[in-house]
Amino acid sequence: MTDHAATVEEPDVRDGAHGHEHHDVMVRGYDGKLHPAHLQHFFATPQQQFEASKLGMWLFLVTEILLFGGMFVAYAIYRAWYPELFAESSTQLDTLMGALNTLVLLASSLTVAWAIRGAQTDNQKVLFWNLIMTVALAGTFMVVKYFEYTHKFDLGIFPGQHFVMPDGRTIGELGPLADIEPLVLQEEDMAALAQHAPPAAEHAVADGSDASEEHAGEAHGPGAHGLTNPRSGIFFSIYYVMTGIHGLHVLIGMVAISILAWQSKRGKYSSVYYTPVENVGLYWHVVDIIWIFLFPLMYLI
Amino acid sequence: MSSHDDHNHEGGHHINDPSILIRTILVLVVLTVLTVGLALAERSGMLPLGGLSVPVALAIAGAKATLVAMFFMGLKYEGGTNALAFVAGIVFLAVFLAFTYLDTGFRDVFESGAAVPVDVQNAGQAELEARQQELNEVVAPPFVTSPDTLLLPNAPISP
């Protein structure tokens with residue numbers, strides 16, 4: 001009795017659109033019958049195995065929704081408490097950069113869906129190059145994010161008590177928030193703060209976003225962001241944690257999709273078996289959906 | 001959505017249709033441009049949406065997410081199991097948000113003073129304690145039984 005029966009035909013050769021015949025590597029199972037090699041013995045059919053794997057992925061994605069959900073709830077609660085803080089702080093986010101990143105992620109969702117189509121139609125080239133495109137678009141997203149973050153760091157926009165106020169002190173150095181009166185500084189306070197601000201700060205406000213390598217820190221001057229609300233650190237804590245964990249998901253997705261591309265180059269995926277491509281694709285779409293909500297909440301409203 | 005003859009390829013896998021993928025991404029891009037346009041118009045004062053701006057932006061985001069889930073993730077083409085899991089997750093998120101808000105949003109209604117943020121509360125408490133401390137430290141002046149002879153040398157000495 002041989003464990004390995006013959007490969008009936010190369011999967012690439014056959015017609016993808018009407019491939020009802022399974023031309024797969026067959027092995028003889030414990031029941032003495034031939035089964036596709038990738039089919040686990042506890043599943044009746046490859047179809048059932050695929051569906052089960054996909055349902056498992058969806059359940060994982062639900063936990064992802066709940067992970068980000070906790071942070072969205074934090075956002076909602078703090079926004080309800082301090083509406084003026086959110087209106088003021090969100091002006092520091094670059095709408096066009098955020099919009100660009102939204103389009104980049106949407107495009108990467110398309111390329112992932114297209115890669116799956118490539119696998120379904122046994123088109124290895126379409127599969128491979130769409131996966132590569134997806135990684136490239138994800139990389140673009142991270143590069144834009146890098147520029148957004150470093151620009152904020154130059155302005156002293158750090159999360160929580162590390163946020164640098166216009167007078168050069170961090171929120172932590174201001175003392176307990178409640179000791180600062182009035183909580184939202186009035187016109188005259190802002191004028192007073194502007195006088196105390198380092199002179200470099202005024203240049204930075206004037207010449208916009210010219211972060212040069214010579215004296216990037218001085219050119220912008222920490223605190224030259226015009227935000228005077230001592231609760232600004234709260235908004236940026238939420239911003240950095242939410243976009244940071246989302247960015248981490250993008251990085252993880254880049255690694256996963258790179259592995260898929262490498263595996264697809266070795267001919268591992270075809271219309272007979274492409275479960276990993278499908279599942280990583282689902283993950284990638286959820287990363288996109290999270291950003292679809294993060295973008296308006298942070299940048300627009 | 002006519003070209004779904006190949007629906008049951010490979011025992012039920014739906015094959016992504018290029019024309020539907022393209023149409024989906026086009027609608028997604030249009031919705032993105034729309035929501036950015038609305039936000040910029042509102043910011044410049046051209047289009048005061050007021051209280052509508054948040055619901056409108058969220059509705060557009062919800063529409064975009066639905067499109068991604070239906071056509072890119074293929075929920076439209078499968079049985080309801082995966083969709084049920086996904087929707088259940090969103091429902092539980094809504095429960096999470098609603099019940100948290102029932103606490104944080106109505107603290108001033110049910111418990112006066114408790115809606116004050118913790119740091120303000122602590123500062124108020126500290127101030128109260130400081131005042132109490134001050135009051136405790138005040139020593140009552142002694143009763144005057146006889147005139148001070150240093151200040152009033154000519155005062156008659158009491159018998």
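Which residue takes a positive phi in the hairpin of strand 2 of chain A and strand 3 of chain A? The legends below concern a predicted model, and the first of them gives the answer.

View 1. Strand 2 of chain A covers residues 25–28, and strand 3 of chain A covers residues 34–36. The two strands run antiparallel and are joined by three bridges. Across the pair, R28(A) stands opposite L34(A), a residue of strand 3 of chain A. Five residues lie between the strands of this hairpin, and G32(A) is the residue with a positive phi, near 80 degrees.

**View 2. Chain A as a whole.** Ten helices and three strands form the secondary structure of chain A. Along the sequence the order is β-β-β-α-α-α-α-α-α-α-α-α-α. Chain A has 301 residues, of which 40% are buried. When contacts in chain A between residues at least 6 apart in sequence are considered, 71% of them join residues at least 24 apart.

**View 3. The surroundings of Y75(A).** Y75(A) belongs to helix 1 of chain A, which spans residues 46–81. Is Y75(A) buried or exposed? Y75(A) counts as buried because 21 C-beta neighbours lie inside 10 Å, and the cut-off for a buried residue is 20 or more. Apart from neighbours within four places in sequence, the contacts of Y75(A) are I238(A), M242(A) and L297(A). L127(A) is 52 residues from Y75(A) in sequence, and the C-alpha atoms of these two residues are 38 Å apart in space.

**View 4. Helix 3 and helix 4 of chain A.** Two packed helices are described by the angle between their axes and the distance between the axes. Helix 3 of chain A (residues 95–120) packs with helix 4 of chain A (residues 124–154) at an angle of about 165 degrees, and their axes are 8 Å apart. Angles over 145 degrees count as roughly antiparallel, and helix 3 and helix 4 of chain A are therefore roughly antiparallel to each other. The crossing of helix 3 of chain A past helix 4 of chain A is left-handed. The contact between these two helices contains 17 nonpolar, seven polar and three charged residues.

**View 5. Helix 3 and helix 10 of chain A.** Helix 10 of chain A comprises residues 275–300 and packs with helix 3 of chain A at an angle of about 165 degrees, with the axes 10 Å apart. Helix 3 and helix 10 of chain A are therefore roughly antiparallel to each other, and helix 3 of chain A passes helix 10 of chain A in a left-handed crossing. The residues that meet include T95(A), G98(A), S108(A) and A119(A) from helix 3 of chain A, and E278(A), W284(A), D288(A) and L300(A) from helix 10 of chain A. By class, this contact has 13 nonpolar, seven polar and two charged residues.

**View 6. The contact between chain B and chain A.** In this view, 47 residues of chain B are in contact with 46 residues of chain A. On the side of chain B that touches chain A, at least two residues each come from helix 1 (18–43), helix 2 (53–72), helix 3 (80–104) and helix 5 (118–137) of chain B. Which helix supplies the largest share of this side of chain B? Helix 3 of chain B does, with 13 residues. The residues on the side of chain B that touches chain A comprise 28 nonpolar, 15 polar and four charged.

Conventions:
Residues numbered from 1 in each chain as written. Chains lettered and ligands numbered in written order. Predicted model: local features only at pLDDT ≥ 70, side-chain atom pairs only at ≥ 80, totals over all residues. Contact = placed C-beta atoms within 7 Å. Helix = DSSP H or I, 4+ residues; strand = E, 2+ residues; numbered from the N terminus. Nonpolar A, V, L, I, M, F, W, Y, C, P; charged D, E, K, R; others polar. Buried ≥ 20, exposed ≤ 12 C-beta atoms within 10 Å, placed from the backbone. Axes fitted to C-alpha atoms, helices over the stretch in contact; angles between N-to-C directions. Parallel < 35°, antiparallel > 145°, perpendicular 65-115°, else oblique. Left-handed = near helix turned anticlockwise from the far one by under 90°. Pairing = 2+ DSSP bridges.
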